Amino acid sequence: MTFELTLVLALLAGAILMFMLGRPRADAVGLLMMVALPLTGVISAREAVSGFANPNIILIAAMFVIGEGLARTGVAQRLGDWLVTRGGNRPARLVALLMLIVGSLGSVMYSTGVVAIFIPVALRIARNTGMSPAQVLMPVSYAALISGMLTLVAAAPNLIVNYELTRTGAEGLDFLALTPIGIPVLLLGMLYMMIASRWLGAEAKAGAQDAEHAKPRLGSWVEQYQLAERELRARVAPDSPAIGQSLAALGLTPDRGLRVIALERKRAYGGCAIGPDDETLLAAGDVLLLDRATSTATDDAQMQTRPLSGLALEPAAQQEAPRLSQSPPLPQCAELGLEPLPLSGLYFADRAQSIGMAEVILPAESRLLGKTLNEAGVQLERGLHAVGLRRGRSVLDAEARAETRLQAGDTLLLVGAWPAIEQLRGQDHDLVTTNLPKELDERLPAAKRAPYAVLALAVTVGLMVSELLPAMHAALVGVLLMLLFRCIDLDNAYRAISLRTLVLIAGMLPFGMALERTGGIELAADALVGVLGAASPYLVLATVYLMTLALGMFVVPAATAVLMAPLAMALAAEIGASPYPFAIAVALAASSAFMTPVVPANAMVGTLGGYRFGDYAKMGLPLVLLVFTLTLTLLPWLYPFY
């Protein structure tokens, strides 16, 4: 063993140890290796950063953007909603459908992105069916891991293995090379979790529920601030004299106890115009969402003295919230004979894709101190309205809210458009955002663009499958289409790219080059062949799979593939076998880390599901054995050794 090989192996051992300890984080380890490897003299500084020029790095970045486009347009959420309607209250069926959808979408997205999208869907299923969140979250993470076995672009290990094949002179894998194995594995995983998930949840339920309620939902604020009886809707009739009049002229202003939260106006491509000002002119068919800021009795008296011509006003329907009292209808509705427009009784929470809320506090230097809410006009020219005021633990009622002078530390509940709420964060010295609801994470900024996102994805997959363009080029075409169709903008596209993942992979790729130059890979392959002797290629294949699986329990999948792919190729060459079954075994095993919370997909659901390390081991070990058996049965048949 040469001195250079000793240095490289020492760095490799150090990297593995840091991965196991989780300190520093994985991308920092990759950066450390980029700095340290050139110091051994085995590779140059240029070669140490050459991973960033790897086409697979560009491909991975492009797939992050395409995945974000699918998330922002609501394609994944629509699949989840379909699942809820089709699955009913049958837990086993819901688990199977959930895994099928996650696996299908994960075949063209990375597992962490798919898990992030489907965590809210899974929690919604748990709430609607009475299941424990633990029973649906682990199936989500397992299906996301299995989805990495479905297509070439579904997981970073697949691309790393493909790169290693082409680097050593073999032909690369095509887009569906793993699919004949991945589909049976997904079906097997679905069947297993349909049975096994019933044992999840009893021990983890309490922790999961605590985690789930870490953020409030809009409904909890509606109840806390007593908003439900205050919502109203108004539609401008086709023959209404209100057409062409401004909100101020109609008296729809806070001084009369009414705030226009939003104006819904049909457009050629849909949409909801949010946050009109007092001078906004009304058109036929406009629907106004109003907040009744004063008490019902006072409001009715005001309405009787000054009718709102041409508007059909109706209080929120209470059928879906029977615990709340029914607000009496406004007299003008019957007089004008206008159609009622009931709501859910949840104060516009059913319009959470357009309208949001935020809690803010007043800092000591706020210019709003000493003013009433009306004097402060806490729309602040942003289309936001203050509909609730809390001082300490006490929520002020309508009369107190109108008369109270604002003090430092007061909490306001603002309602308005999501973009206005997001713009408010960190950009105002008068208000400090302290709490945002879970619905912000579930918002679809480009919901109307969903068909275009599906089209962009279809074009990308079609180009990859047909091999008309290289995978990287096809993915860039997909990104361009997402941008042209406005499914995502450039700023959010850049934010969607996980630099941590790219730095980790690019930092670890030079290890293969360093180990090859120092003879480390050949030495390890000779040692394994010496141990296995004249063993059958099946035993060698099983050894490669199990070594990758064991390393993957402590090392993130991308790094596992970087370390094991060159060794698998060298072993195949030593025994004179085809490199394909061994290379694909590494890719499949790297996506089979069901027994450990180290992999990001499992780690993301750990807290929400209330899982302990033993839960992963208990649920993952049988699945690992089943997938191992199925893989070793199918792989040599589909990709013969000789």
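## Helix packing, strands and selected residues

Helix H4 (residues 55–72) and helix H19 (residues 450–466) pack at an angle of about 150 degrees, and their axes lie 9 Å apart. Angles over 145 degrees count as roughly antiparallel, so H4 is roughly antiparallel to H19. This is a predicted model. The protein chain has 642 residues, and 55% of them count as buried. It contains 29 helices and 9 strands. Among contacts between residues at least 6 apart in sequence, 79% join residues at least 24 apart.

**H4 against H19**

- The crossing of H4 and H19 is left-handed.
- From H4, the contact takes in Leu 59, Met 63, Ile 66, Gly 69 and Leu 70.
- From H19, the residues that meet them are Ala 453, Leu 457, Thr 460 and Met 464.
- Sorted by class, the contact of H4 with H19 holds 7 nonpolar residues, 2 polar residues and no charged residues.

**H25 against H26**

- Helix H25 spans residues 537–552, and helix H26 spans residues 557–574.
- The two helices pack at an angle of about 165 degrees, with 10 Å between their axes.
- H25 and H26 are therefore roughly antiparallel to each other.
- Their crossing is right-handed.
- H25 brings Val 540, Val 544, Met 547, Thr 548, Leu 551 and Gly 552 to the contact.
- H26 brings Thr 560, Leu 563, Met 564, Leu 567, Ala 568 and Leu 571.
- The contact of H25 with H26 has 9 nonpolar residues, 3 polar residues and no charged residues.

**Strands S1 and S3**

- Strand S1 covers residues 231–236, and strand S3 covers residues 287–292.
- S1 and S3 run antiparallel and are joined by 5 bridges.
- Ala 234 has Leu 288 as its bridge partner in S3.
- Glu 231 has Asp 291 as its bridge partner in S3.
- In S1, 5 of the 6 residues are buried, so S1 is largely enclosed by the rest of the structure.
- S3 is mostly covered, with 6 of its 6 residues buried.
- In a regular strand, side chains alternate between the two faces of the sheet.
- In S3, Val 287, Leu 289 and Asp 291 point one way.
- Leu 288, Leu 290 and Arg 292 point the other way from S3.
- The residues on both sides of S3 are all buried, Asp 291 and Arg 292 included.

**The five-stranded sheet**

- An open sheet is formed by 5 strands in the order S7-S6-S8-S5-S9.
- The pairing in this sheet is antiparallel.
- Strand S7 (394–395) and strand S9 (432–435) are the edge strands, each pairing on one side only.
- Strand S5 (residues 355–361) pairs with S9 in the antiparallel sense, over 3 bridges.
- Within that pairing, Ile 361 of S5 has Val 432 as its bridge partner in S9.

**Asn 158**

- Asn 158 lies in helix H9, which spans residues 156–167.
- The relative accessibility of Asn 158 is 1%, so this residue counts as buried.
- Leaving aside residues up to four places away in sequence, Asn 158 touches Gly 148, Thr 151, Leu 152, Leu 178 and Ala 587.
- Asn 158 and Leu 173 are 15 residues apart along the chain, and 9.0 Å separates their C-alpha atoms.

**Leu 79**

- Leu 79 lies in helix H5, which spans residues 75–87.
- Its relative accessibility is 31%, so Leu 79 counts as partly exposed.
- Leu 79 and Leu 97 are 18 residues apart in sequence.
- In space, the C-alpha atoms of Leu 79 and Leu 97 are 10.0 Å apart.

Conventions
Residues numbered from 1 in each chain as written. Predicted model: local features only at pLDDT ≥ 70, side-chain atom pairs only at ≥ 80, totals over all residues. Heavy atoms only, no water. Axes fitted to C-alpha atoms, helices over the stretch in contact; angles between N-to-C directions. Helix = DSSP H or I, 4+ residues; strand = E, 2+ residues; numbered from the N terminus. Parallel < 35°, antiparallel > 145°, perpendicular 65-115°, else oblique. Left-handed = near helix turned anticlockwise from the far one by under 90°. Contact = heavy atoms within 4.5 Å. Nonpolar A, V, L, I, M, F, W, Y, C, P; charged D, E, K, R; others polar. Buried < 20%, exposed > 50% of the residue type's maximum accessible area, 1.4 Å probe, protein only. Pairing = 2+ DSSP bridges.
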